[in-house]
Each structure stands twice: as structure tokens, then as C-alpha cells.
Amino acid sequence: MLPPGPAAYAEASDVLAAGHLVALPTETVYGLGGDAGNDAAMAAIFAAKGRPSFNPLIVHVADAGAAEALVHIDERASRAMEMWWPGPLTLVLPRRADAPLSLLVSAGLDTVAVRSPAHPIARALIQASGRPIAAPSANRSGNVSPTTPMHVADEFPDGGGARLKLILAGGRCAIGVESTVLDLTGERPLLLRPGSVTREELESILGPVDVATAADGVKAPGMMTSHYAPGLPVRLEATSVAADEALLGFGPDQFLRGGAIRMNLSNNGDLTEAAANLFAMLRSLDRPGLSGIAVMPVPDRGLGAAINDRLRRAAAPRA
Ligand code: TXA
Ligand code: MG
């Protein structure tokens with residue numbers, strides 16, 4: 001684990017050039033990064049995560065100019081980039097035939113998901129390494145995404161089979177849920193994964209946006225129903241809590257008493273604060289000896305849609 005700085009970026013660039021992996025902070029969650037042009041590095045990501053290989057990866061770039069070399073950018077995509085880049089919006093776009101990217105990045109699709117992160121450490125590493133960085137969230141497949149460097153270390157106690165060489169320690173992620181994923185390859189924009197750029201915001205710039213359903217599942221396998229799951233069963237919309245359950249609360253209404261441990265996503269009902277706390281609290285409530293995690297209702301407006309999406313997946317029957 002290294003604190004940010006020129007020496008860390010130089011070392012991280014060497015690790016990437018050698019086809020190994022670096023964990024890096026973004027404004028959403030920590031990513032497990034590799035050189036997106038290197039097949040061996042992409043295979044290392046899938047192996048370290050234990051990820052089904054049909055799940056494609058997000059490619060992180062400095063800006064729209066860098067994305068241009070990888071994907072076809074139409075007028076609609078360029079408006080979205082102008083509005084939200086750098087930031088927590090991933091765009092799925094047609095892959096250029098000559099894109100200097102591993103085929104594993106697209107996992108057999110003819111599209112690539114691109115995103116320009118706003119986090120200064122992610123940006124510095126993209127700059128220093130001079131290459132697009134493919135990075136899924138830095139957790140084992142199916143687990144809760146990491147929002148601190150320690151979470152990453154906990155996910156990969158053996159360095160992901162010695163593939164993960166370095167964690168750039170950038171503190172806590174400000175947003176705390178993964179980026180919004182928007183597919184712009186069809187007639188109408190299709191929201192594949194809700195995030196902090198909301199559907200309402202997208203529609204204000206792009207017009208009507210469809211929301212992906214289970215039928216679109218193959219388009220974004222991250223939509224697999226059980227995902228982002230802690231070890232304990234998760235129970236939603238809780239209005240009571242058992243003595244051997246952990247309680248994940250929301251808001252000032254402390255109407256729930258009891259429970260073995262209690263945490264509150266946001267005491268004053270702030271959805272931004274709740275998103276930032278979500279994964280860290282799920283991790284710390286996930287303790288042996290308890291029967292489950294009971295979660296109080298979270299309103300579905302704004303960022304609440306992304307929070308409830310992750311909570312539903314955490315609560316879904318496990319594969
Ligand atoms: O905030 C984030 O997006 C984080 C940080 C590290 O950037 N990354 C992240 O990556 O959440 P990952 O791999 O955990 O989730 C990527 C999502 C998955 O649901 C995947 O299926 C979808 O994006 N995706 C990637 N490429 C795609 C493509 N070509 N077409 C459709 N969906 C794609
Ligand atoms: Mg993930």
C-alpha cells in the first residue's frame with residue numbers, strides 16, 4: 001500500500017506496464033486496474049476477482065479525446081461527456097475496429113464501456129501510465145465494492161494470487177456507489193446501472209431514457225440479481241429487528257429498537273451521506289454469529305434509486 005505521490009505513480013505505471021494489477025481509488029469505489037491493451041492483464045483481473053469471464057470491464061480514460069481512439073462517439077455521447085466528464089458516468093459505445101484494447105475488455109460484445117474518473121489519484125495514474133486502465137470494482141466477484149484501501153486489502157489477502165502488486169491508498173471514496181452505466185448504442189439511451197448521475201439528470205440532457213430490466217441482463221452481467229452481497233442474509237424494508245440481527249438504519253426516526261449492532265446510513269436522512277456509507281457499513285455489520293442484516297427503508301428519490309438497487313441485489317437469493 002502506498003500513499004499518492006510521484007514515486008507511487010511511477011511504481012504503479014511500472015506494475016501496469018508489466019501486465020500486473022494496481023488498485024486505485026476513484027470517486028465512486030476502488031478499482032482493480034490493469035493495462036486495457038494487455039490480454040494477460042485482463043485475464044489476471046478476471047482470475048483475481050473470480051469473475052465470470054462474460055462480464056465486460058469499464059475502461060478508464062483521461063478525457064473524451066482519449067475515448068475517441070477506443071469507441072465511436074456520436075453527438076449524443078459527446079453531449080453526455082461534456083456534461084458529466086470527468087465524473088461518475090460510464091458510457092457504453094460501439095467499439096472501434098482498431099481500438100488498441102484487449103478483446104477480453106468487451107467480453108465478446110462489440111461495445112466498450114468508457115469512463116473518465118474525477119478522482120485526482122485515478123487521473124494522475126492514467127496520465128503517468130499513458131494507457132487506458134480497465135478496472136472493475138476491487139472486490140471478489142459478487143461481494144460488496146470497496147470504498148477504502150483496507151477493504152481492498154481484505155478482499156485480496158493473498159494479493160489476488162500475487163497479481164495485485166500495489167494499492168494506491170487514497171482514503172475513503174466520496175460517492176461510495178459505482179458509476180451510472182448508460183448504454184448509448186441503441187435508438188434510445190438505456191440505463192444499465194443506476195448511480196449518482198440520476199435518470200432524471202440524464203433525461204434533462206438526453207431526452208427519454210429507458211431502464212434496463214432482467215431481459216437486458218446479458219447486456220450488463222453486473223445486473224445479475226445477486227451482487228454486492230455481504231455474507232449474512234439481508235432483509236429489506238425492516239420495521240422490526242431481532243436480537244440476533246444487525247440493524248442498518250436510515251434517517252432520524254430511530255423507531256427501531258434492539259438488534260445486536262446498529263449503524264445509521266445517515267442520521268439526518270441525507271442520501272449522499274448514505275451512499276458514501278453504504279458499502280462500508282454493510283461490511284462492518286457482516287459479522288459471524290448474527291442471523292442477518294435488517295435494513296430500514298430508504299426513499300427511492302435521487303441517489304436513493306442507486307442505493308436501493310444495490311440493497312435489492314444484496315438481499316437477492318444467492319446463486
Ligand atoms: O464506479 C465504477 O464504475 C467502478 C469504478 C472502479 O470505476 N467500476 C465498476 O466496475 O463498478 P464493475 O466491473 O464492477 O462494473 C462494471 C459494470 C458491470 O455491470 C458490467 O457488466 C458493465 O459495467 N459493463 C462493462 N462493459 C460493458 C459493456 N461493453 N456493455 C454493457 N455493460 C458493460
Ligand atoms: Mg463490481
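User: Helices (H or I, at least four residues) and strands (E, at least two) are DSSP runs, numbered from the N terminus. With that settled, which strand does Met-263 lie in?
Analyst: Heads up, this is a predicted model: local features need pLDDT of at least 70, side-chain atom pairs count only at pLDDT 80 or more, and totals for chains, interfaces and linings use all residues. Residues are numbered from 1 along each chain as its sequence is written, chains are lettered from A and ligands numbered from 1 in the order in which they are written, and side-chain values use heavy atoms, leaving out hydrogens and water. Residues 261-264 form the strand where Met-263 lies, S13.

User: What is the relative accessible area of Met-263, and how does it class?
Analyst: Buried means under 20% relative accessible area, exposed over 50%, and partly exposed in between (1.4 Å probe, protein chains only). Met-263 falls in the in-between class, partly exposed, because its value is 27%.

User: Which residues does Met-263 touch, beyond those up to four places away in sequence?
Analyst: A contact means heavy atoms within 4.5 Å. On that basis, the partners of Met-263 are Leu-247, Leu-248, Gly-249, Met-281, Ser-284 and Leu-285.

User: How far apart in space are Met-263 and Lys-49?
Analyst: In sequence, the two are 214 residues apart. C-alpha to C-alpha, Met-263 and Lys-49 are separated by 28 Å.

User: Is Ser-13 buried or exposed?
Analyst: Ser-13 sits in helix H1, residues 6-17. Its relative accessible area is 11%, which means Ser-13 is buried.

User: Which backbone oxygen does the side chain of Ser-13 reach?
Analyst: For polar contacts, take a pair of N or O atoms within 3.5 Å; within protein, one must be able to donate a hydrogen and the other to accept it, and residues adjacent in sequence count only if both atoms are side-chain atoms. One such pair puts a polar side-chain atom of Ser-13 at 3.5 Å from the backbone nitrogen of Ser-129, and Ser-13 also touches Leu-125 and Ala-128, among others. The backbone oxygen is 2.8 Å away and belongs to Tyr-9.

User: What is the bridge partner of Leu-190 in S10?
Analyst: Leu-190 belongs to strand S9 and counts as buried because its relative accessibility is 11%. S9 (residues 190-193) and S10 pair in the parallel sense over two bridges. Within S10, the partner of Leu-190 is Asp-210.

User: What is the radius of gyration of the chain?
Analyst: The chain has ten helices and 14 strands. The radius is taken over C-alpha atoms, and the globule rule is 2.2 Å times the number of residues to the power 0.38. That rule gives 20 Å for 319 residues, so the chain is as compact as a globular protein of that length, with a radius of gyration of 19 Å.

Notes:
Pairing = 2+ DSSP bridges.
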